[in-house]
Amino acid sequence: MKLAVWTYEGPPHVGAMRVATAMHGLHYVLHAPQGDTYADLLFTMIERLPHRPPVTYTTFQARDLGSDTAELFKRTLGDAYERFKPQAIMVGASCTAELIQDDPGGLGRTLGLPVPVVPLELPSYQRKENWGASETLYQLVRAFAGANAPEPGTPRPPRDPAARPSCNILGPTALGFRHRDDVDEITLLLQRLGVEVRVTAPRGASPADLARLGEADFNVVLYPETGEATARWLEKTFGQPRTQTVPIGIGATRAFIREVAELAGIDPSAELDREQSRLPWYSRSIDSTYLTGKRVFIFADATHAVAAARVAAHEFGFEVVGVGTYDRSFARDVRAVAEELGTEALITDDYLEVEDRIAELRPELVLGTQMERHIAKRLGIGCAVISAPVHVQDYPARRSPQMGFEGANVLWDTWVHPLMMGLEEHLLGMFRGDFEFHDDAGASHHGAAATARPAEPAPEPEPEQPANDADGPHWSQDADRELRKIPFFVRGKARRNTETFARERGFDTITIETLYDAKAHFAR
């Protein structure tokens, strides 16, 4: 383990809490010390849920370690059942409680409660949050759907020709990035195709819903990090095929529609013809030429990193200069898309490594988590959040999906906004000293007279020291001052081009003349 100021994922029991909080009729009894109840705030303060997570803690203290903590757990479990009367209970231990080895699963069985008790064995010191959510859903589905499983080798009966094709949606949890909105968008898309959604799990499902997962014709896996393991088990046990495409972006959404149509045995042409997204039009518009070739760095969970890289390169016309993930379980997928786009993958859970890579690459846009937003802000780079972990502002009251055709519209608005704001801020800075538009001028649209800004004595300018790389050409002060006049959202590219120009010609110092010679050279 490593002490860090920020972390991309919590321990696995937080993943279990995300599943429990997403469901109803389920309660989670967590053997944990006083202080681990901080996790409640993730759901009530950040996701702004109107209810507490369905979690009861034993909250043992240091003085309890000298007594019988096992009895404390059994008493807490019994009290939780009497108070909440759930359909089922999960029991487990936090990372700290794991060290005292009280065996919550075994203790839960001794109470003889009249509801199923599902034990969770989540190794806190080897695994992390996304794995914990995946394992929790897998264990719950095995516990409840497994009772209805056919004998191994039994062929799946064909669907009644008069019945509508049906599917389950797997993967969305509480505290997921736009999971609520993605589920709504994809459910509507499936309904327009004529596909019935039987169960969405874990979000919105009950233990009884999990028991009937095997009734659907196939499974739609929206978030492989949490739904892939369960989908594989359902495929093996019930013979249900699963989707492989995550519908983020126009191309992926159209591929997803074709994939669903093939699994359901239906014609997708009507839905493909009614495509509602404006992203393709914006991408072809003259305004988008300003965005073509913008250098973007992407770091997120694997699902969103892979999808964002392809959308950025193929639908926005950006140049992807780096892509990475903090989830090592899906590192192969991220490395594959990095190779496809001719860049290098970054697989790490250390935000300092991510910051170093961003500073080295000097992109014009960063797509990442809330950590990358802080990093980009510190480096003066535009950023859009595309993945958990996120903060409260990324759980909007409005609908804002990432998936489907409407999700493609949201991607355009979200990703382009930081780049356009760069242009706007530059124009504001340019005109701030204008006699009509300075900060003290009256509002011109109200007919107020514009007044000239009173003259102020100019302060003595302090000489600015050029920001020189240790192994690159040296910038003279005059050249550096001229460079700073270039709008900040293209300044990085101008700096890189000039340094490349100087390095190729063996110049040790970059002067104003070098700067303008480089500009002329790259403008040809």
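Biologist: Which strands does H1 lie across?

Modeller: H1 lies across S1, S2 and strand S3 (88-93), and runs at about 160° to S1. Helices (H or I, at least four residues) and strands (E, at least two) are DSSP runs, numbered from the N terminus. Axes are lines fitted to C-alpha atoms, for helices over the stretch in contact, and angles run from 0 to 180 degrees between N-to-C directions.

Biologist: What should I know about the source?

Modeller: This is a predicted model, with residues numbered from 1 along each chain as its sequence is written. Local features need pLDDT of at least 70 and side-chain atom pairs count only at pLDDT 80 or more, while totals for chains, interfaces and linings use all residues, and side-chain values use heavy atoms, with hydrogens and water left out.

Biologist: Back to H1, how many of its residues are buried?

Modeller: Eleven of the eleven residues in H1 (residues 12-22) are buried. Among them are His13, Met17 and Arg18. Buried means under 20% relative accessible area, exposed over 50%, partly exposed in between (1.4 Å probe, protein chains only).

Biologist: And what's the strand order in the four-stranded sheet?

Modeller: The order is S2-S1-S3-S4, an open sheet with parallel pairing. S2 (55-57) and S4 (117-119) stand at the edges with a single partner strand each, so one side of each has no neighbour in the sheet. On average, neighbouring strands here are turned by 25° against each other, direction ignored.

Biologist: How many bridges join S1 and S2?

Modeller: Three, in the parallel sense, with S1 covering residues 26-31. Two strands pair if DSSP finds at least two bridges between them. Val29, for instance, has Thr56 in S2 as its bridge partner.

Biologist: New topic: what does the side chain of Thr69 contact?

Modeller: The Thr69 side chain makes a polar contact with that of Asp102, at 2.5 Å. A polar contact is a pair of N or O atoms within 3.5 Å; within protein, one must be able to donate a hydrogen and the other to accept it, and residues adjacent in sequence count only if both atoms are side-chain atoms. The two residues are 33 apart in sequence, and 7.4 Å apart from C-alpha to C-alpha.

Biologist: Is Thr69 buried or exposed?

Modeller: Thr69 is buried, at 8% relative accessible area, and is found in helix H3 (residues 69-84).

Biologist: Okay, charges. How many salt bridges does the structure hold?

Modeller: It holds 27. A salt bridge is a side-chain nitrogen of Lys or Arg within 4 Å of a carboxyl oxygen of Asp or Glu. One of them joins Lys128 to Asp349, with the closest N and O atoms 2.3 Å apart. That pair links distant parts of the chain, 221 residues apart: Lys128 in the loop between S4 and helix H6 (129-145), Asp349 in the loop between strand S10 (345-347) and helix H15 (351-361).

Biologist: How accessible are Lys128 and Asp349?

Modeller: Both count as partly exposed: Lys128 has a relative accessible area of 34%, and Asp349 is at 27%.

Biologist: Which residues are linked in a salt-bridge network?

Modeller: Arg180, Asp181, Asp184 and Arg399 are linked that way. There's also a salt bridge between the side chains of Arg505 and Glu504, at 3.5 Å from N to O. Arg505 is partly exposed at 38%, whereas Glu504 counts as exposed at 58%.

Terms used
Contact = heavy atoms within 4.5 Å.
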